[in-house]
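Keep the model open while you read.

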Amino acid sequence: MLDPRLQAVADFVPITANAADIGTDHAFLAIALFQANNKRKIIAADLNSGPCEAARRAVRLAGFHGLIDIRQGDGLSVLRPGEVEAVCIAGMGGKLEADIIAAGPQVVSKLKYMVLQPQNGQEYLRQWLYAHAWHIEEERLVKADGRLYQVIKAQPGFMPLPQEAELILGPCLVKEQPEYFHEYVSNTISGWEKIADELAKAGERVTDKINELNRRIKLLEEYLQ
């Protein structure tokens, strides 16, 4: 059984889509995707040999040896263009996830879906998607082990760039304001306030940085009213 974070990723992958889990670690997500529909191709990939070996063990224990394709390699380089319709990248920073996507343009050009779960850098990742002819179709906020996570489902196609607050918090999340939304906004504001306090204590010439943080804090405070 997946934790709420990975379950949200799995839920965003269409049931009929051939899919690849990039940075698979123990292949738990790949196994869950195959269990949901064992007629489709599921690929589990990781850069390092240790996670690939762990993935092989997990797949064997699940009884799917030879049915889930485990590949070692860097990002999307393990895939052929058109081999899958959906790619999942979870548990990395948003900047790294964007870099992985950017490094595989031929693969990305044939994708219908990307399901992304950035640990940080969500604003950067969203900006990157919209700047490269992708847009956010769905988003979800989930809590696992006391921490909040954002899960993004993106599809190809040009759409207008969302407003700043929407890029920070998520355009779909701002619109729907689901469970945990206000908690997430509060957490984001608290994080920025701590950074501003530390900058002020440092005694450096960081007035511009502090003013920018305060501006962004006020921007988000509107969503707590």
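This is a predicted model: local features need pLDDT of at least 70, side-chain atom pairs count only at pLDDT 80 or more; totals for chains, interfaces and linings use all residues.

Numbering starts from 1 along each chain as its sequence is written, and side-chain values use heavy atoms, without hydrogens and water.

Strands (E, at least two residues) and helices (H or I, at least four) are DSSP runs, numbered from the N terminus. Strands pair if DSSP finds at least two bridges between them. Strand 5 and strand 7 (residues 147–156) run antiparallel, joined by three bridges. Strand 4 (residues 86–92) runs parallel to strand 5, with six bridges. Here Cys88 stands opposite Val115.

How many residues of strand 5 (residues 113–118) are buried? Six of the six are, so the strand is largely enclosed by the rest of the structure. Buried means under 20% relative accessible area, exposed over 50%, partly exposed in between (1.4 Å probe, protein chains only). Tyr113, Val115 and Gln117 point one way; Met114, Leu116 and Pro118 point the other. In a regular strand, side chains alternate between the two faces of the sheet.

Strand 7 is also largely enclosed, because seven of its ten residues are buried. Ten bridges join strand 7 to strand 6 (residues 134–144), and the two run antiparallel. Glu138 stands opposite Lys153 of strand 7. The hairpin of strand 6 and strand 7 has two residues between the strands, and Asp145 takes a positive phi near 55° there.
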